[in-house]
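Here is a short briefing to read alongside your structure. Take a look at the model first, then work through the points below.

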Amino acid sequence: YNAPIKNKEMNMTERHQELQSMIDNAKAGYESIEGNLLELGNAYTCQMPEMVRQSLQKRGKSSLFFPAAPSIALKTYTSIVTTYFSNPDIATSTPEDPNDPAMGKAAEAIQESLRYYERHKLLNLFPVLSREFLNACVYLGCAVKVYWDGDAPRVDGIKLRDLWFDPAATSIRDAQYLVPRMYIPRYKVQKLAKKNGFSLSAEHLAGLQAATNINERNQKQPEKYQLIEIFDIYERNENSWQLSTMLGNEIILRDSYPLNDGLPIFFGRLLPQLTMSNEYDSVEMYGSSPLEYVLPLQSEMNQIRNQQLDAIRLQLEPRYLFQKGSGVNPFTFYNQRIHLVNDVGGVKEFKAPDTGQSNAQVGQLQLELQDVSAVTPYNTGTTGSVGNQTATGTAILTEEANQRINVYIHSLNETLIEPMMGHLAKLIWRYGQTRFFKDVTLSRATDPDL
């Protein structure tokens, strides 16, 4: 069931075990942070923990989610998207040596090619990067794949659940392997067999059925559209990268295929990850989310605000205590009909909780949220009753928020945008349409120094 092994020092069983070990280790690293991703996603989508919500509803309590975390994430996201897409070019290609006219011509040609691909929607960066920027604002980072597809470059987003890293890596620079997981239709697997690097025999095709058991919905698809689980294993080979592909966990489709264009996957993050001094198994490749510091305050905000709603409901619908023999029918009393009682003192109203103190607590939580996130009601476009509302106070809060956003953008530049756009420029230089390079004197066999 396997492609020929290019590593002559290993037999088929050893190579299969090595590839499977990389998949298992990388997956275990992802699973160590999966719970954190789910918690962050629930906070952004305003989902209270299910057990808490059910408990509140069973007791007739308010169970609303008050969206402080989503507002903070959206403010950060809006600032990042505006920064990158407010100009016609998301990046500018310039020569390393500004006094080299030949290199300058090459940079101009690459820039014009990039504009052409974007203008004709052959390369549409906004829908992909805007989605990945949101992932970076909510989760622990974002990832893209950049490659040449037919006549144009292509950029695809990668979900973090489908991208597993060497657990010992701290960045792409020192990662020894990466494992993207893909689900592709059966007919595309058969087409891929015709491309260079794949070996797909009749036995392989027969084995595809075993990999379709992803979910019940997939099983109901027509056979040609059933999704097949594929693992790409990118391995570092000294200063280059090679690619192996496994079908499920049984079949090697290709092995040690050289990547002449280098690693096509790029990972970005807003914040680095802090590793505790006694923590030895963390996957430092992932970053931190700005929302991580907001979650405890968000939980407390939900609790107090829901208690306030419960108290207000008691004020609008008060409860009463009746003495036995008072002659009051509870049902008619509840419907606000006239009652005759033997002793008025036998009817007492339960005093509803006072919400005044809780209002002060909510105000304090809002201030703490501002301190943690550097996002204020002024930044989110809403109004608030807390904080310094003078012109000077507003300017200070806004400046603090802008400084935080600038740090996020600089981090994205270094980890994602610059490496990604550099790779995109290299692909355009190597495979772009020749009409854009007719005035370039440099040989396209050698990459320009940009």
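Arg254 and Asp232 are both buried (buried means under 20% relative accessible area, exposed over 50%, partly exposed in between, with a 1.4 Å probe and protein chains only). This is a predicted model, in which local features need pLDDT of at least 70 and side-chain atom pairs count only at pLDDT 80 or more, while totals for chains, interfaces and linings use all residues. Residues are numbered from 1 along each chain as its sequence is written, and side-chain values use heavy atoms, with hydrogens and water left out.

**Salt bridges**

- The count comes to 17 salt bridges (a side-chain nitrogen of Lys or Arg within 4 Å of a carboxyl oxygen of Asp or Glu).
- The side chains of Arg254 and Asp232 form one of them, at 3.9 Å from N to O.
- Arg15 and Glu235 meet in another at 2.6 Å, N to O, and both of these residues are buried.
- A network of salt bridges links Arg15, Glu18, Glu235 and Asp255.
- Asp447 and Arg430 pair at 2.8 Å, N to O; Asp447 is partly exposed at 33% relative accessibility, and Arg430 is partly exposed at 27%.

**Around Leu295**

- Leu295 is buried, with a relative accessible area of 12%.
- Setting aside neighbours within four places in sequence, Leu295 is in contact with Glu39, Leu40 and Ala43 (contact means heavy atoms within 4.5 Å).
- The C-alpha atoms of Leu295 and Leu369 are separated by 9.7 Å, and the two residues are 74 residues apart along the chain.
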